Amino acid sequence: MNPELLRDIGLFVEVVNEKSFTRAAKHLEMPASTVSRRIAGLEKHIGVQLLHRTTRRVDVTDAGAAYYARCAQLVEEAQLAHEQLSELITKPRGTLRLSCTPDFAATFLAEILVEFAEQYPEVNFELDLSNRKVDVATEHFDAAIRMGRLVDSNLISVRIGVLPLALYAAPAYLKRSSPLRSPEELAFHSCIRLHANQSGSTWIFEKVDKSKSDKDALVKVNGRFVANNMSMSRQLTLLGAGIGIIDKTIAMELVTQGRLVQVLPGWQLQPVEINLLAPSRLMPARLRVFAKFLKDRFQNKFSAN
């Protein structure tokens, strides 16, 4: 095959990924006019229009979509082959671009990143810390770390671990509140919710020593505070604002200090999944090694507790 044709196919895939000649050219570090001319030459060579061009956007034709579906995989495989060949004689290197929530990063990720950086000095880190659901592929992230149930997507999921959760309250809150002996009695307490929607207001419990005949308890809870941030929820709980959901590993020290008390210890909440989401199963070395490193550290952390 003509080497020029292979290069033009790579340009076409990048334009479709970016949905723009200008953004594709910027990412490839070449003039937009060159990209446009090369794509026009590709269309002329194969005898079919691949893209609809307007002054504001670029859309894929039906023929272009079918062509892209085949070409994108070829380009990805070629990029991986090139990288893996280099990785045979080199360590993981380059910039690891990660997206995750500020809460997760501050609570769990900082220490792990420092440890990873010490072992792999040729890897740099760029973190996007927000609750925004980034587009991992088009925004050129290596991966995103997400907590909770996954929504169906084209992303590749690597399960890192689970976060064990329990209910806690400050001694001052328990002193002024009615006794709490069963999950159903939470309906008469002030509960600090992570979300105001139905799923955030319905807490699901199962017995710690659950038998086959035991059923889960679904409790509708209320409260004056809703905070979609675990750190804020924990702080409100410490200040006696109500009963909060807190990660067991973090709460352990606070319980030892007498600042928190676990409530309903005979019941447990559903743990929260932690997943690393990547745009492709063909991961660069820095991401592949980091994913395993992160998974190992989480397993060690929670098995030790």
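Helix α2 passes helix α3 in a right-handed crossing; a crossing is right-handed if the near helix is turned clockwise from the far one by less than a right angle, and left-handed if anticlockwise. Keep in mind that this is a predicted model, where local features need pLDDT of at least 70, side-chain atom pairs count only at pLDDT 80 or more, and totals for chains, interfaces and linings use all residues. Residues are numbered from 1 along each chain as its sequence is written, and side-chain values use heavy atoms, with hydrogens and water left out.

**How the two helices meet**

- Helix α2 covers residues 21-28 and helix α3 covers residues 32-46; helices (H or I, at least four residues) and strands (E, at least two) are DSSP runs, numbered from the N terminus.
- They pack at an angle of about 110°, with their axes 8 Å apart. Axes here are lines fitted to C-alpha atoms, for helices over the stretch in contact, and angles run from 0 to 180 degrees between N-to-C directions.
- That makes α2 and α3 roughly perpendicular to each other, a label for angles of 65 to 115 degrees (under 35 is roughly parallel, over 145 roughly antiparallel, and the rest oblique).
- On the α2 side, Phe21, Thr22 and Ala25 make the contact, and on the α3 side it's Ala32, Val35, Ser36 and Ile39. Contact means heavy atoms within 4.5 Å.
- Sorted by class, the contact of α2 with α3 has five nonpolar residues, two polar ones and no charged ones. For the sorting, Ala, Val, Leu, Ile, Met, Phe, Trp, Tyr, Cys and Pro count as nonpolar, Asp, Glu, Lys and Arg as charged, and the others, Gly among them, as polar.

**Positive phi without glycine**

- Glu29 sits in the loop between α2 and α3, and has a positive phi of about 55° although it isn't a glycine.
- Glu29 is exposed, at 74% relative accessible area. The cut-offs are under 20% for buried, over 50% for exposed and partly exposed in between (1.4 Å probe, protein chains only).
- Leu264 is another residue other than glycine with a positive phi, this one near 50°. You'll find Leu264 in the loop between β12 and β13 (267-269), and it counts as buried at 7% relative accessibility.

**Other loop residues to look up**

- Gln49 lies in the loop between α3 and β1 (51-53) and is partly exposed, at 43%.
- Skip the neighbours within four places in sequence, and Gln49 touches Glu43, Thr61, Ala63 and Gly64.
- Ser190, in the loop between α6 (171-176) and β8 (191-192), is partly exposed at 22% relative accessibility.
- Beyond its neighbours within four places in sequence, Ser190 has contacts that include Tyr173, Asn222 and Arg224.
- Asn154 belongs to the loop between β5 (143-147) and β6 (156-163), and it's exposed at 77%.

- The protein chain has a mean pLDDT of 86, and 94% of its residues reach 70 or more. pLDDT is the predictor's confidence in each residue, from 0 to 100.
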